[in-house]
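User: Hi! Could you walk me through the pockets and cavities of this protein, one step at a time?

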Amino acid sequence: MEHYDILVIGAGHAGIEAANISEKYGLKTALITKNYSDLGKLSCNPSIGGVGKTHIASEVDILGGVICKIGDKSAIHYRVLNLSKGPAVWGVRAQIDRDLYSKNMQKYVKSSKIDLIEDEVINIIEKNNKVIGVECANTGKIKSKAVILTTGTFLNGKIYFGKETKEAGRIGNSSSKELAKFINKNFKTMRLKTGTPPRIYTKSINYDILEPQPSENNGIFLSYFTKQNTNKNINCFITKTNNKTHKIIRDNLDKSAMYSAIIKSQGVRYCPSIEDKITKFGDRNGHNIFLEPEGLNSELVYPNGISNSLDKKIQLKFLRSIKGLEKCEVDQFGYAVEYDSVDPRELKNNFETKKIENFFLAGQINGTTGYEEAAGQGIYAAINAAKRIKKIKFNNKVFERDNSYIGVLVDDLTKLGITEPYRMFTSRAENRLKLRTDNSYERFTDIINPITFNKNDYTLISKNIKNEKKIIDKLKLLKFTPNSLMKKNVKVKKDGKVRNGFEVLKFLDPTPPIFKDFFNMNISQKLLTKIFFDSKYEVFYEREKKSYDQLNKNKNMKLTNIDFSQIPSLSKEILEKLNKYKPENLNDAGKISGITPSALFQIVKHKKVKGTKIA
């Protein structure tokens, strides 16, 4: 019987990151998947990144993960979201060629020391509440010191096209029913829902009347280590729904799996179905649809923004009411997926289950959504499993709330649990000015390990860290008086304060030539942008800390007499949850899943402005 240090079940984003880092840390690792062809499959949208999501992915990248590197190798379109705002909320989003991504990921995994096992796990074997292996349908029993379960949407998975249902984790893949019996027997579980839009043949779309969305060629990539993208970059296109579309959907809600009450589980709030959009925001003139090519050589387009569980005939009817899609032909219709997930409060904060030792869960089984959230959990669970099995040295302080988005995610899940599929947003982090995508390497410097990178990548990051320190040290030795700055046409107060070069940087335009002229030092645009915002935000870091301390100081603030609807800055979701759970104090409000730190700040501010006595 084969004996492994770590067995990873499921070869999605969580499973691949778990197996990859486990193998890099020198543990004998096997990755079990039902089908080799599913390795690295992009189950839903052909893209990686976005606000909050890129933040997690960038941390996975610095930890030695692969989602960003393989993403860049397979990218065919880039955009940076929120570029008009501050860098704390910038989010790179890369459109991915599905076939390229799967091909590149399979090549990577097969070139590693990870053992690939094509089989279905039907049971977890444990003895005295401790994992000792798994049982597979064909291979039989396999021994292991630890098991990481990353089943995605496959536990008791069921897909819905209107009233038509099939047992499947996704189209073309059967659900895991036997393994679900073990999970439901041993843990508190819940049913969650996600969905996907139809796939449209690109030749049937009239692009001539649609708005193109070109790729941004600004040298910003998903991975810290990517120097260039050599793939052809292509356009996406934008269209939108209209009143005719809305009427077709509204008149046929009884043919929707969600709205005909066939599905009773909770769906993803921030990736709503088109039925949800029309029902809740039906007064809008239209909802944007982003037509995203599935690959350079693909015949298909992913219409992002119209996931649904409507009857197939109705789907085609409403699609053809949309500008540019009047003659569209569909390859695969959209559908909803309902599946079992485990209440994440069943986990310790290292993602090991409380009931079974050395049994770890990661990905959508923990109630999350998204490739990036899954990747973050996979690498996190595997690092903790490796610490347990091999006693590897690892500073876990990098996973605290104030230092990483992975830390925020882990803390939210294991302490607050979920009431709906969890998605990461920058608003969930108390210290988001510090938790930027451009400084993950800085926050994780203490744990950067040569064994998790190839030689070139480790040399690059080590060299860059040393160079940055050298530049900042030199800047801090330079001294400038207000008069000397004014002679250089830098506008500062005549306060007599002598400022060092790092403090002066925030008053300048961040271009390498200006930096060279002013400080007599060469610098790359990438590093200059990063340290410019460090200089600019330095004063705000302390304010962020004070705000966080204020929350702790006021955690016993009574909320029983507050009319939350009188706080205009609170979102509809926040109001809905506060009114539903009616927290007695600020501490209780903070324990409600989805209540952000910024919402708590607004509540404190409102109560103090109103002059209510703080208990």
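**Pockets, cavities and packing**

Analyst: Happy to! In the lining of the second largest pocket, the classes come to 16 nonpolar, 14 polar and seven charged residues. Please keep in mind that this is a predicted model.

User: What volume does the second largest pocket have?

Analyst: The lining of this pocket consists of 37 residues, and those nearest its centre are G219, Y224, D438, K526 and L527. The volume of the second largest pocket is about 1000 Å³.

User: Which element gives the largest share of the lining of the second largest pocket?

Analyst: Two or more lining residues come from each of α2, β5 (91–96), α11 (440–443), α12 (455–477) and α16 (525–553). At the level of domains, domain 1 (3–190 + 342–443) and domain 3 (454–546) each provide at least three residues. The largest share, seven residues, belongs to α16.

User: How many cavities of 30 Å³ or more does the structure hold, and what is the volume of the largest cavity?

Analyst: Counting cavities of 30 Å³ or more, the structure has two. For the largest cavity, the volume is about 60 Å³.

User: Between which domains does the largest cavity lie, and why?

Analyst: Its lining is made of Y270, I418, E420, P421, Y422, R423, R428, E573, K577, S593 and G594. By class, that lining has four nonpolar, two polar and five charged residues. Since both domains give residues to this lining, the largest cavity lies between domain 1 (3–190 + 342–443) and domain 4 (564–609).

User: Thanks, that is clear! Which helix gives the most residues to the lining of the second largest cavity?

Analyst: That cavity holds about 30 Å³ of space, and I56, F351, E373, G376, Q377, Y380, I406, L409 and V410 line it. The residues divide into six nonpolar, two polar and one charged. Both α9 (371–390) and α10 (405–416) supply at least two of the lining residues. With four residues, the helix that gives the most is α9.

User: Are α2 and α10 roughly parallel or roughly perpendicular to each other?

Analyst: A pair of packed helices is described by the angle between the axes and the distance between them. Helix α2 (residues 53–62) packs against α10 with the axes 8 Å apart and an angle of about 115°. Angles of 65 to 115 degrees count as roughly perpendicular, so α2 and α10 are roughly perpendicular.

User: Which residues make the contact of α2 with α10?

Analyst: The residues of this contact divide into five nonpolar, one polar and one charged. On the α2 side they are H55, I56, E59 and V60, and on the α10 side they are Y405, I406 and L409.

User: One last thing about the domains: how far apart are the C-alpha centres of domain 1 and domain 2?

Analyst: The chain is divided into domain 1 (3–190 + 342–443), domain 2 (199–214 + 232–338), domain 3 (454–546) and domain 4 (564–609). In the contact between domain 1 and domain 2, 34 residues of domain 1 meet 37 residues of domain 2. The C-alpha centres of domain 1 and domain 2 are 28 Å apart.

Notes. Residues are numbered from 1 along each chain as its sequence is written. This is a predicted model: local features need pLDDT of at least 70, side-chain atom pairs count only at pLDDT 80 or more; totals for chains, interfaces and linings use all residues. Side-chain values use heavy atoms; hydrogens and water are left out. On a 1 Å grid over the protein atoms alone, a cavity is a set of points where a 1.4 Å probe fits but cannot get out, and a pocket is an open set with protein on both sides within 12 Å along at least five of seven lines; lining residues have an atom within 4 Å of a point. Grid points are joined across faces, edges and corners, and a volume is the space filled by probe spheres set on the points. Ala, Val, Leu, Ile, Met, Phe, Trp, Tyr, Cys and Pro count as nonpolar, Asp, Glu, Lys and Arg as charged, and the others, Gly among them, as polar. Domain bounds come from an automatic or database domain assignment. Axes are lines fitted to C-alpha atoms, for helices over the stretch in contact, and angles run from 0 to 180 degrees between N-to-C directions. Angles under 35 degrees count as roughly parallel, over 145 as roughly antiparallel, 65 to 115 as roughly perpendicular and the rest as oblique. Contact means heavy atoms within 4.5 Å.
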